[in-house]
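I opened a notebook for this one and jotted things down as I looked them up. Here are my entries, in order.

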Amino acid sequence: MSELRKVLLVDDDKDIRVIGQMSLADVGGMETVLAGSGEEALAVAAAEQPDVIMLDVMMPGMDGPTTFRRLREEPATASIPVVFMTAKIQRHEVQRYLDLGAIGVIGKPFDPMELPAELRELVRRAGSEE
Amino acid sequence: MAVWDERDRALTRLGELRGQFADRLRTRLERLAEQVATAHRNPTSGTLAEAIATAHRLAGTAGSFGYVAVGESAAGLERSLQRIAGGQDDWEAALAALERAQASGP
């Protein structure tokens, strides 16, 4: 991927969607689309075709890992890279998400001034490993 | 310089969002305190799960708006509540973490 233009941010916490969108759009210059649940993420991802999806792990209803599996099952979203977001960033959990097929994990809380650079680096690394 | 102008605009916007979040943070801390008090009086899996979920969300959110100490205290509270849900008596630490979160808020 040459440039990160559009990001789908999925989190049930509206405040995270607000600060994440500000960070990705105002600091990172990325178009940012939002979803407040796993179910909504499936529809938005298929319709918007983002370059990457930032997916919260713990959400009521369909959680992050389940949403991830559903995204992979759909041809329209199967190849979109996914970065998990979690407040519990322990090494064994990070490895579990990487083993699922995510390209990386971003911890919460995040620094809104640094988040776009962190995301770009994960996408760049994933691209260089292909 | 354009890059610095953009950065300054983003910092200004961040300051505005932080100010707006302060009001919501007060409400969230009040709700958390009520849930912890309910769970302390009647520690069922339901009351504890509710307080754990609120503490978890606050742990992930507050620090992103610059309230780092609130987020860290909420994370400590979440850990204590999970220990309590697992059968341990960790109420002293849980209540201390809640107090720290409230004291670090806006």
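Predicted model: local features only at pLDDT ≥ 70, side-chain atom pairs only at ≥ 80, totals over all residues.

**Entry: B:Glu30**

I started with B:Glu30, which sits in helix 1 of chain B. I counted 12 C-beta neighbours inside 10 Å, so B:Glu30 counts as exposed. Then I checked how far B:Glu30 is from B:Gly87: they are 57 residues apart along the chain, and 26 Å lies between their C-alpha atoms.

**Entry: helix 3 of chain B**

Does the length of helix 3 of chain B agree or disagree with 1.5 Å a residue? I worked it through: its 18 residues should span 26 Å, and the end C-alpha atoms are 26 Å apart, so the two agree.

Next I looked up which residues of helix 3 of chain B are buried; among them are B:Val70, B:Ala74, B:Leu77, B:Leu81 and B:Ile84. B:Glu78 is on that buried list too.

**Entry: helix 3 against helix 4, chain B**

I noted that two packed helices are described by the angle between their axes and the distance between the axes. For helix 3 and helix 4 (residues 91-104) of chain B I got about 160°, with the axes 8 Å apart. The cut-off for roughly antiparallel is over 145 degrees, and the pair is therefore roughly antiparallel. Their crossing is left-handed. I listed who meets whom: helix 3 of chain B brings residues including B:Ala69, B:Ser73 and B:Gly76, and helix 4 of chain B brings B:Trp91, B:Leu98 and B:Arg100, among others. The residues of this contact divide into twelve nonpolar, four polar and one charged.

**Entry: helix 2 against helix 3, chain A**

Helix 2 (residues 38-48) and helix 3 (residues 64-73) of chain A pack at about 30°, with their axes 9 Å apart. These two helices of chain A are therefore roughly parallel, and they cross in the right-handed sense. From helix 2 of chain A come A:Gly38, A:Ala41, A:Leu42 and A:Ala45, which meet A:Thr66, A:Thr67, A:Arg70 and A:Leu71 of helix 3 of chain A. By class I wrote down four nonpolar, three polar and one charged.

I read up first: most residues other than glycine have a negative phi, and most peptide bonds are trans. A:Gln49 has a positive phi of about 50° although it is not a glycine. I found A:Gln49 in the loop between helix 2 and strand 3 of chain A, and with 13 C-beta neighbours inside 10 Å it counts as partly exposed.

Which peptide bond did I find to be cis? The one from A:Lys108 to A:Pro109, with omega near 5°. A:Pro109 lies in the loop between strand 5 (104-107) and helix 5 (115-129) of chain A.

Another proline, A:Pro60, is in the loop between strand 3 (52-56) and helix 3 of chain A. A:Pro60 is exposed because 9 other C-beta atoms lie within 10 Å.

**Entry: where the chains touch**

Last, I looked at the contact, which takes 18 residues from chain B and 15 residues from chain A. On the chain B side, helix 1 of chain B gives the largest share, seven residues. I sorted that side by class as eight nonpolar, six polar and four charged residues.

Conventions. Residues numbered from 1 in each chain as written. Chains lettered and ligands numbered in written order. Axes fitted to C-alpha atoms, helices over the stretch in contact; angles between N-to-C directions. Helix = DSSP H or I, 4+ residues; strand = E, 2+ residues; numbered from the N terminus. Parallel < 35°, antiparallel > 145°, perpendicular 65-115°, else oblique. Left-handed = near helix turned anticlockwise from the far one by under 90°. Contact = placed C-beta atoms within 7 Å. Nonpolar A, V, L, I, M, F, W, Y, C, P; charged D, E, K, R; others polar. Expected span 1.5 Å × (residues − 1). Buried ≥ 20, exposed ≤ 12 C-beta atoms within 10 Å, placed from the backbone.
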